[in-house]
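Please keep the sequence and the structure in view while reading.

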Amino acid sequence: MRSIAEHRRRIEALGITARSRSVDLTAAIGAVLGEAVRTSGPLPAFDVAAVDGFAVRQGDLGVDAELSVPGTCVAGPIATAISVSPGQAVQIMTGAPVPPGADTVVPVEDTSGFVDNFATARVRIRTSPKRGANIRARASDIGAHEILLHAGTTLSHNHIGALSALGLTRVQIRSCLRVAVVPTGNELVRPGEPLLPGQIHESNAPMIVADLARCGAEVRREDVVGDDVESLRATPGRCADWADLIVTTGGVSAGTEDVVRSALDDGHAEFVSVAMKPGKPQGAGRFDGVPIISLPGNPVAAFVSYELFVRPFVRGALGCDTVDRPTSEVVLDSPTIAGRPGMMQFRLGRRLGSRVVVSGSASSGSISSMASSDCLIAVGEGGATRGSAATVWMTGVG
Ligand SMILES: Nc1nc2c(c(=O)[nH]1)N[C@H]1C(S)=C(S)[C@@H](COP(=O)(O)OP(=O)(O)OC[C@H]3O[C@@H](n4cnc5c(N)ncnc54)[C@H](O)[C@@H]3O)O[C@H]1N2
Ligand code: MOO
């Protein structure tokens with residue numbers, strides 16, 4: 001039986017890669033930045049007043065210095081050039097460029113006696129701040145040609161603001177990884193459509209599509225493919241025109257209708273047993289040159305194997321800075337889970353502060369367990385007793 005780590009290595013070796021494309025900045029939220037963004041010039045681009053007050057030469061200040069006021073500087077384009085000579089103070093507003101000659105800004109609260117008549121105006125400065133006080137100096141935030149954002153950053157609204165401050169309107173993102181998700185099985189019917197006896201609603205593809213889209217991939221949910229070798233062989237061929245990766249679910253175990261393995265096992269894909277429960281039967285390889293990952297059909301098995309064998313590799317290809325879910329160390333607050341020699345078990349769980357409780361049964365078809373869980377509990381071959389330490393993967397986060 002193949003170890004989880006070995007199967008992950010085989011999938012890594014498929015070399016799933018994403019392409020970059022340019023999108024409007026405001027549409028880039030949630031996407032992964034495709035290349036590092038550097039500043040073209042320094043920020044701030046000029047010395048700027050951080051408060052409303054008076055721009056002065058620090059050497060002129062003392063106890064109750066009285067200075068003449070030749071003019072004012074406001075934020076915005078510089079209308080008339082003004083400078084500060086010895087003995088002068090220029091009235092200045094927050095955001096205005098500091099005029100030549102000045103090296104310090106005194107807040108208006110620390111001044112008195114100014115009347116807005118520049119022919120005769122004088123101001124009394126009651127404090128003596130340090131040279132450079134209340135000035136955001138040119139390049140004090142970030143210098144020219146420095147990296148503002150690294151490739152692989154998942155863009156949030158704070159990043160959109162920072163990129164806009166550079167004057168950018170478009171950005172390269174890596175969301176150009178196209179994944180076709182193909183559910184297989186004669187019994188499956190798309191949600192929204194009525195069921196005949198013996199049929200069930202197809203739930204694996206919507207689950208996988210939803211999370212991959214949230215990771216920043218472009219995802220296409222294919223129609224359900226029936227259990228016949230011809231349709232199955234035709235489907236990846238059809239997807240290959242578009243997809244960078246094909247993910248199938250179902251049809252990988254040993255039953256006579258489990259035709260995914262017969263259809264796709266053409267020497268370029270391997271169908272193996274991985275030492276885990278659920279999710280033992282797995283497939284991976286290439287079909288028509290396109291990487292393909294075949295997951296088992298049982299919904300919990302599909303969920304767990306998606307977490308282990310699809311999501312991290314798609315995120316890696318997209319250049320995400322974190323590929324795996326965050327984990328948390330907690331205490332098991334459920335009856336003992338018996339170990340399985342040579343096997344890793346994953347149980348659906350619900351974390352309650354520093355404890356975790358198992359959700360529902362261990363059945364890999366249990367929809368109610370899926371509905372009540374927010375994490376995966378990893379249980380080693382020795383099992384886990386109530387009160388023992390457990391590592392959980394927070395599947396709703398990251
Ligand atoms: N003789 C053996 N039988 C089975 C073995 C085995 O080793 N020997 N392995 C078992 C294990 S472990 C699993 S897991 C399943 C995997 O089966 P398949 O991948 O072949 O999946 P199916 O047979 O197509 O379906 C299993 C189960 O899941 C339901 N299903 C399938 N796809 C979906 C979907 N998209 N949405 C909702 N439900 C789905 C399907 O109706 C079946 O009930 O095999 C065991 N058997
Ligand atoms: O993948 Mo299965 O869930 O081990 O029954």
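In helix 1 (residues 4-12), the residues that are buried are Ile4, His7 and Ile11. Viewed down the helix axis, these buried residues fall within an arc of 65°, so they line one face of helix 1. An α-helix has 3.6 residues a turn, so residues three or four places apart point the same way. On the face of helix 1 that is turned away from the buried side, the exposed residues Arg9 and Glu12 are found. Everything described here refers to a predicted model.

## Domains and nonpolar cores

The chain is divided into domain 1 (4-18 + 177-317), domain 2 (23-42 + 145-174), domain 3 (48-136) and domain 4 (327-393). Between the C-alpha centres of domain 3 and domain 4 there are 66 Å.

The largest nonpolar core has 39 residues, and Leu212 and Phe346 are those with the most contacts inside it. Helix 6 (residues 299-309) gives the most to this core, contributing 6 residues. At least three residues of this core come from each of domain 1 (4-18 + 177-317) and domain 4 (327-393). Leaving aside residues up to four places away in sequence, Phe346 touches a set of residues that includes Ile4, Met276, Val304, Leu308, Leu376, Ile377 and Trp393. A second, separate core has 18 residues, among them Val182, Ile246, Val260 and Ala269.

Is strand 26 (residues 375-379) largely enclosed or exposed? Of its 5 residues, 5 are buried, so strand 26 is largely enclosed by the rest of the structure. In a regular strand the side chains alternate between the two faces of the sheet. Both faces of strand 26 are covered, with Cys375, Ile377 and Val379 buried on one side and Leu376 and Ala378 buried on the other.

Strand 24 (residues 344-352) and strand 26 run antiparallel and are joined by 5 bridges, with Gly349 standing opposite Cys375 in strand 26. Strand 26 is also joined to strand 27 (residues 389-394) by 4 bridges, again in an antiparallel arrangement, and here Ile377 stands opposite Val392 in strand 27.

Elsewhere, 4 strands form an open sheet in the order 6-7-4-8, and their pairing is mixed. The edge strands are strand 6 (72-73) and strand 8 (104-107), each of which pairs on one side only. Strand 4 (residues 53-56) pairs with strand 8 in the antiparallel sense over 4 bridges, and Val56 stands opposite Thr104 in strand 8.

## Salt bridges

The structure holds 21 salt bridges. In one of them, the side chains of Arg2 and Glu270 meet at 3.0 Å, N to O, and the pair links distant parts of the chain, since Arg2 is in the segment before helix 1 and Glu270 is in strand 19 (residues 269-273), 268 residues apart. Arg2 is buried, with a relative accessible area of 11%, whereas Glu270 counts as partly exposed at 32% relative accessibility. Arg2 and Glu270 also belong to a network of salt bridges that links them with Glu6, Arg9 and Arg10.

Another salt bridge joins Asp211 and Arg325, whose closest N and O atoms are 3.5 Å apart. Asp211 is in helix 3 (residues 204-215), while Arg325 is in the loop between helix 7 (311-317) and strand 23 (327-332), 114 residues apart. Both Asp211 and Arg325 are buried.

Definitions and conventions
Residues are numbered from 1 along each chain as its sequence is written. Chains are lettered from A and ligands numbered from 1 in the order in which they are written. This is a predicted model: local features need pLDDT of at least 70, side-chain atom pairs count only at pLDDT 80 or more; totals for chains, interfaces and linings use all residues. Side-chain values use heavy atoms; hydrogens and water are left out. A nonpolar core is a set of buried Ala, Val, Leu, Ile, Met, Phe, Trp, Tyr and Cys residues joined through side-chain atoms within 4.5 Å. Buried means under 20% relative accessible area, exposed over 50%, partly exposed in between (1.4 Å probe, protein chains only). Helices (H or I, at least four residues) and strands (E, at least two) are DSSP runs, numbered from the N terminus. Domain bounds come from an automatic or database domain assignment. Contact means heavy atoms within 4.5 Å. Two strands pair if DSSP finds at least two bridges between them. The arc is that of the directions from the helix axis to the C-beta atoms. A salt bridge is a side-chain nitrogen of Lys or Arg within 4 Å of a carboxyl oxygen of Asp or Glu.
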